[in-house]
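Visitor: Could you walk me through reading a structure like this one, feature by feature?
Guide: Gladly. Let us bring it up and take one topic at a time.

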Amino acid sequence: MTILQSLIIALSMYSKLPMPRITWTTENTKHVMCFFPVVGILTGICVWGAGTHLLEHGCGVLLFSSIMTVLPIAVNGGIHMDGLLDTIDALGSYGDRERKLEILKDPHAGAFAIIGAGCYFIISLGLWSEVTKGMLPVIACGYVLSRGLSGFAVLAFPSASKKGLARTFKEGTKRLHEVVLLIFFVLLPIMGMLLLSPGYGMLAAAGALGTFLYYRVMAVKKFGGVTGDLAGYFLQLCELAVLGCVTAGGIFM
């Protein structure tokens, strides 16, 4: 029952799927991060299925790109975009660590967040305009990989704050097999990418792992560790990096 409740919490927290209301306890939040990649599986299926359908039925480039840019955000409810924008504001402040952490908690969007959102969507729209049907399976795997890496970072990296969702999920997880499961959700999509398309898969995996390395260095140096907002920031950048590397492969390979 506890495992099922953790799955329901993960799906209700990180997706817009209708889920029964559950009271959070120390016990049923223990495994939430383990089920985080399940949201990526559902997102990947939606992206792969919708993208294939649109391309096979002659959808125009601009309409296709617009739908595919918005679709992942519609599935997860924009929770990770919120983290991206908060982090862009914090990094743009050039304040000290304490000031950056204060900005992460501020619910208001600053100028840097608005500019960052515009740039992110324009880049995403442009990249999706270059996507072909053969690229979609690798891109879909990226939604699982980004969440596997993000969940692993929450459990393995130092926390920047003693409060918040990231800290709550980290403190609830004490067993080694939960970290191992998240490593599995990192290796599985990478293997899937390489099997589906060695060329695209290698580029996508390199983009995701390179973004992960940047995230580790930046989070510790600028914030003293990870937070829920920083996790969202990484996830959005990771998905954009996967998309960018795959489309770059299609253009230059």
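Visitor: Leaving aside neighbours within four places in sequence, which residues is Thr-43 in contact with?
Guide: Keep in mind as we go that this is a predicted model. Apart from its neighbours within four places in sequence, Thr-43 is in contact with Pro-72, Val-75, Tyr-143 and Arg-147. Thr-43 itself lies in helix α2, which covers residues 32-56.

Visitor: Is Thr-43 buried or exposed?
Guide: Buried is the label for anything under 20% relative accessible area. Thr-43 has 1% relative accessibility, so it counts as buried.

Visitor: Now to helix packing. How do α3 and α6 pack?
Guide: Two things to read are the angle and the distance between the axes. Helix α3, residues 61-76, packs on α6 at an angle of about 125°, and their axes are 8 Å apart. That angle makes α3 oblique to α6. The crossing of the two is right-handed.

Visitor: Which residues make that contact?
Guide: From α3 come Leu-62, Phe-64, Ser-65, Ser-66, Met-68, Thr-69 and Ile-73, while α6 supplies Phe-121, Ser-124, Leu-125 and Trp-128. Sorted by class, the contact of α3 with α6 has 7 nonpolar, 4 polar and no charged residues.

Visitor: And at what angle do α6 and α11 cross?
Guide: Helix α6 (residues 111-128) and helix α11 (residues 228-252) cross at roughly 30°, and their axes come within 9 Å. Angles under 35 degrees count as roughly parallel. α6 is therefore roughly parallel to α11. This crossing is left-handed.

Visitor: What residues of α6 and α11 make the contact?
Guide: On α6 they are Tyr-120, Ile-123, Ser-124, Leu-127 and Trp-128, and on α11 they are Gln-236, Leu-240, Leu-243, Gly-244 and Thr-247. The classes here are 6 nonpolar, 4 polar and no charged residues. Ser-124 and Trp-128 of α6 are also listed in the contact with α3.

Visitor: Next, the cysteines. How many disulfides does the structure hold?
Guide: The general idea is that a disulfide is a covalent bond between the sulfur atoms of two cysteines. The structure holds 0 disulfides. Take Cys-46: the nearest cysteine sulfur, in Cys-141, is 14 Å away. Cys-46 is partly exposed, at a relative accessible area of 35%.

Visitor: Let us move to the loops. Where does Tyr-94 lie?
Guide: Tyr-94 lies in the loop between α4 (79-93) and α5. Tyr-94 has a positive phi of about 55°, although it is not a glycine. Tyr-94 is also exposed, with a relative accessible area of 73%.

Visitor: And where is His-108?
Guide: His-108 sits in the loop between α5 (97-105) and α6. With a relative accessible area of 60%, His-108 is exposed. His-108 and Asp-89 are 19 residues apart along the chain, and their C-alpha atoms are separated by 9.8 Å.

Definitions and conventions. Residues numbered from 1 in each chain as written. Predicted model: local features only at pLDDT ≥ 70, side-chain atom pairs only at ≥ 80, totals over all residues. Heavy atoms only, no water. Axes fitted to C-alpha atoms, helices over the stretch in contact; angles between N-to-C directions. Helix = DSSP H or I, 4+ residues; strand = E, 2+ residues; numbered from the N terminus. Parallel < 35°, antiparallel > 145°, perpendicular 65-115°, else oblique. Left-handed = near helix turned anticlockwise from the far one by under 90°. Contact = heavy atoms within 4.5 Å. Nonpolar A, V, L, I, M, F, W, Y, C, P; charged D, E, K, R; others polar. Disulfide = S-S within 2.5 Å. Buried < 20%, exposed > 50% of the residue type's maximum accessible area, 1.4 Å probe, protein only.
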